[in-house]
Amino acid sequence: MAAITAAEQGVQQVLVLEGTPEPLQKVRISGGGRCNVTHACWDPRELTTHYPRGSRPLRGPFSHFACGDAIAWFDEHGLTLVEEPDGRMFPLQNRSEAVIQCLQKAARASGVQVRTKAMVQRVRVHPERGFVLEGRGLEPLHARSLMLATGGHPSGRKLVEALGHQVVPPVPSLFSLALQAPELTACSGIAIDDVGLDLKLGSQRFRQTGRVLITHRGLSGPATLRLSAFAARALHQSGYRGELKLDWSAGLGRQGVEQRLQQWRQDQARRTLSAAKPFEHLPRRLWQAFLAMAGVEADRRWADLPLKAERQLVELLCAQRLSIKGRGPFGEEFVTAGGVALGDVNLATMESRRCPGLYLAGELLDVDGVTGGFNFQACWSGGWLAGQAISKALTESDQTR
């Protein structure tokens with residue numbers, strides 16, 4: 001995005017150095033191969049609320065280039081994005097390859113050169129102006145302006161630290177939670193909406209409500225991932241141990257659940273607990289798991305439901321307490337929380353405050369969003385701003401020479 005923007009603004013000899021054999025691989029695998037390009041969120045202030053790290057500082061960048069601008073940019077470059085019911089936006093072709101082709105075509109059309117297998121390992125400030133780049137598969141190269149967009153890879157953090165920047169130590173973000181709950185995980189594959197998640201870690205508390213997916217290890221799904229994002233640092237500090245309270249009542253609350261169970265005791269007296277399910281939003285397999293957790297036989301009649309078991313069901317449905325025993329498998333997490341401290345960057349231009357002529361964007365910064373296209377949006381915004389600023393800086397430099 002930065003390279004294309006700079007080239008389209010008239011910058012000559014724009015070069016992208018890619019350490020791997022193929023560029024844009026993270027785009028290729030994102031969204032299950034569909035690429036969630038951005039989100040249908042039109043208010044920059046609202047947009048910032050989806051970023052656990054960097055929310056308030058991002059108001060400025062998003063006021064110049066936000067979701068609507070990204071949608072328009074891709075449309076102008078031949079890629080139509082389609083909104084799904086939950087606000088996520090995917091390419092019309094429904095495959096990430098379309099996004100890759102769009103970016104590569106725009107790069108070629110604007111004169112951007114892309115060099116692969118060129119791993120930048122050292123960056124030195126040139127005594128007169130610009131930077132000298134060295135690395136594997138790369139002869140020493142002089143650049144008047146330089147942008148680093150190395151994502152969460154450690155190599156990028158080493159480069160910026162060597163150039164005097166403060167780096168907030170990275171920790172995983174956006175991951176599933178492993179739980180000590182065999183009865184629940186036996187229901188793996190079930191997804192359910194409007195689940196309340198309440199995580200307590202010492203004196204800190206994190207809450208989310210939304211769709212969760214029960215897995216063979218614990219919980220995943222949008223609400224779980226969002227919770228893990230906002231609690232990323234606290235979870236890391238706790239060693240991924242803590243207590244999670246779940247509300248499965250879909251907004252009914254304790255009183256509503258009590259009334260529903262009492263109503264079923266009267267109206268469904270002769271039917272079995274398993275056959276007459278009182279909560280439509282709960283899949284039958286999950287309801288039967290709650291009966292087992294409450295220690296009551298599924299073939300017992302509603303009229304014979306012990307009061308103790310009824311109270312236990314209310315507690316399970318409204319405030320089930322489970323122990324977190326870790327996070328999802330290594331490598332499953334989507335992004336990292338951490339990176340270059342935002343105080344080191346002028347977010348109006350993405351230029352480093354410590355190293356003039358150096359621009360930083362993407363996951364290399366201490367910015368991360370929740371799922372739904374928000375991490376890509378931060379990349380598009382930062383890249384566009386950096387490309388604009390690089391063009392302006394080089395033009396002004398040429399005019400003063």
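In this predicted model, helix α12 (residues 284–293) packs against helix α13 (residues 307–319) at an angle of about 125°, and their axes lie 9 Å apart. Helices here are DSSP runs of H or I with at least four residues, strands are runs of E with at least two, and both are numbered from the N terminus. Axes are lines fitted to C-alpha atoms, for helices over the stretch in contact, with angles running from 0 to 180 degrees between N-to-C directions. The pair α12 and α13 is therefore oblique, the class left once angles under 35 degrees (roughly parallel), over 145 (roughly antiparallel) and 65 to 115 (roughly perpendicular) are set aside. Trp287, Phe290, Leu291 and Met293 of α12 meet Gln312, Leu313, Leu316 and Leu317 of α13, contact being heavy atoms within 4.5 Å.

Turning to the strands, β2, β4 and β3 form, in that order, an open three-stranded sheet with antiparallel pairing; pairing requires at least two DSSP bridges between two strands. Two bridges join β2 to β4 (residues 88–91), and Thr38 has Met89 of β4 as its bridge partner.

The structure also holds 18 salt bridges, each a side-chain nitrogen of Lys or Arg within 4 Å of a carboxyl oxygen of Asp or Glu. In one of them, Arg53 and Asp368 meet at 2.8 Å, N to O. This pair links distant parts of the chain, 315 residues apart: Arg53 sits in the loop between α3 (44–48) and α4 (59–64), and Asp368 in the loop between β20 (358–360) and α14 (374–400).

Residue numbers start from 1 along each chain as its sequence is written, and side-chain values use heavy atoms, leaving out hydrogens and water. Local features need pLDDT of at least 70 and side-chain atom pairs count only at pLDDT 80 or more, while totals for chains, interfaces and linings use all residues.
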